[in-house]
Amino acid sequence: MYNCKDIVSRLSEAVDAALKRVDCDVLGMLKAAYDDENNERAKWALAQIIENDEVAERTDSYPCQDTGVAMLMVTVGQDATFDGSLADALEEGVRLGYKDGRKSIAHPLTRINTRDNTPPVIYYDVVPGDGLTVKFLAKGAGSENMGGVRMLTPSKGKRGIIDAAVNIVKEAGANPCPPILLGVGVGGTMDKAALLSKTALLRKCGESSPDPEVAELEKEILSEVNALGIGAQGLGGKHTALACAVEIAPTHIGMLPVAVTVQCHSVRHAEVKFDER
C-alpha cells in the first residue's frame with residue numbers, strides 16, 4: 001500500500017528542485033550549440049542563456065520566471081493500493097512544490113488566479129502490476145501558445161508531417177524563445193496526437209526513437225526546422241531547435257493527425273518512482 005503523505009512529500013521536493021534546474025542534457029546541448037554557432041548575435045544569445053541557467057542552479061533560483069503549468073504523467077499499476085486519494089496527493093504535491101514559485105493558473109473566463117498553481121494537468125496510464133511512477137513537466141505559456149495540430153489526409157504522408165512541423169515553427173518565429181525542443185505526435189486522433197507530442201518531451205532530451213523509421217523522421221524535421229534560420233532568440237544562426245522527439249500511434253485509415261508541442265530551452269522536468277510503504 002502506498003502512503004499518500006510520502007507521495008506528497010517526495011513529489012513536492014521533486015517539483016521544487018526541477019523548477020530551479022534546467023535539464024542537464026539540455027544545458028549540454030546549449031553549450032554544444034554555442035561551440036558550433038558562427039552567427040555572432042546568436043552566439044551571444046546562447047552565452048546569455050547558458051549563464052542564466054548556471055546562475056540559477058548555483059543560487060537555487062528559477063531559470064525562467066514562468067514556472068508553467070504542472071503536467072503529470074502518472075503510470076500506475078492496476079493492483080496498486082493507497083491509504084488515501086492518489087489524485088489529492090498529486091495535487092497537494094504540486095501545490096507544495098510551487099510554494100515559492102510563480103502562481104500562473106487561472107480560470108479561463110474570469111481569469112481569477114487559483115493562487116497555488118493547481119490544479120495540475122494529470123494523465124493516467126494504467127498498467128499491469130502495482131508500481132507507481134510520476135513524470136513532471138513544467139509547461140510554460142510562451143512556448144505552449146506556439147504549438148498546433150494539423151489534421152492531414154493520409155495522402156500527405158511523411159512529407160506532410162514534416163511540412164506541418166516546420167510550418168508551425170516558422171509561424172512561431174522568435175515567440176517561444178528559441179532554441180526550442182519539439183515534441184511531435186503522429187497518429188491516433190486529434191487529442192491523442194496532442195498527448196503523444198507531450199509524451200515525446202518526457203523522453204531523455206536528445207535521445208532518438210528506438211524505431212529507425214521514426215528516428216529518421218526526427219532527424220529530417222530537426223534539419224528542416226534549423227534550415228529556417230530563426231536561430232537563438234530569433235537572431236539567426238544554425239540552432240532554431242536543439243532536438244526533435246516523435247511519438248506515434250495507430251490511426252484511422254482516413255486520417256493522419258499531427259500535433260506539435262513547442263518547448264522552450266528552459267526544460268524543467270522530473271521523474272519520481274515511488275515504493276510501497
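**Ground rules**

I number residues from 1 along each chain as its sequence is written. Because the model is predicted, local features need pLDDT of at least 70 and side-chain atom pairs count only at pLDDT 80 or more, while totals for chains, interfaces and linings use all residues; side-chain values use heavy atoms, with hydrogens and water left out.

**Entry: α2 and α3**

I looked up helix α2 (residues 24-36) and helix α3 (residues 40-59). Helices and strands here are DSSP runs numbered from the N terminus (helices H or I, at least four residues; strands E, at least two). The two helices pack at about 155°, and their axes are 9 Å apart. Axes are lines fitted to C-alpha atoms, for helices over the stretch in contact, and angles run from 0 to 180 degrees between N-to-C directions. The angle therefore makes α2 roughly antiparallel to α3. The cut-offs: under 35 degrees is roughly parallel, over 145 roughly antiparallel, 65 to 115 roughly perpendicular, and the rest oblique.

I noted a left-handed crossing of α2 and α3. Left-handed means that the near helix is turned anticlockwise from the far one by less than a right angle; right-handed means clockwise.

Which residues meet? On the α2 side I listed Leu-27, Leu-30, Lys-31, Ala-33, Tyr-34 and Asp-35. Their partners in α3 include Leu-46, Ile-49 and Asp-53. Contact means heavy atoms within 4.5 Å. By class, the contact of α2 with α3 has eight nonpolar, no polar and five charged residues. Nonpolar covers Ala, Val, Leu, Ile, Met, Phe, Trp, Tyr, Cys and Pro; charged covers Asp, Glu, Lys and Arg; the others, Gly among them, are polar.

**Entry: α6 and α8**

Next I checked helix α6 (residues 157-172) against helix α8 (residues 212-226). They pack at about 40°, with axes 9 Å apart. That angle is why α6 is oblique to α8. Their crossing is right-handed. In α6 the contact includes Ile-161, Ile-162 and Val-169. In α8 it includes Leu-217, Ile-221 and Val-225. I found eight nonpolar, no polar and five charged residues in the contact of α6 with α8.

**Entry: α1 and α4**

The axes of helix α1 (residues 4-19) and helix α4 (residues 86-97) come within 7 Å and cross at roughly 35°. This crossing is right-handed. From α1, Leu-11 and Val-15 are among the residues in contact; from α4, Leu-90 and Gly-93 are among them. The contact of α1 with α4 divides into 11 nonpolar, three polar and two charged residues.

**Entry: the largest pocket**

On a 1 Å grid over the protein atoms alone, a cavity is a set of points where a 1.4 Å probe fits but cannot get out; a pocket is an open set with protein on both sides within 12 Å along at least five of seven lines; lining residues have an atom within 4 Å of a point. Points are joined across faces, edges and corners, and a volume is the space filled by probe spheres set on them.

The largest pocket has a volume of about 330 Å³. Its lining counts 14 residues, and Met-73, Thr-75, Asp-125, Thr-199 and Leu-202 lie nearest its centre. Which element gives the most to this lining? Helix α7 does, with four residues. The lining has seven nonpolar, two polar and five charged residues.

**Entry: the cavity**

I found one cavity of 30 Å³ or more. Lys-20, Arg-21, Val-22, Leu-27, Asp-53, Ala-56, Glu-57 and Pro-63 line the largest cavity. Helix α3 gives the most, with three residues.
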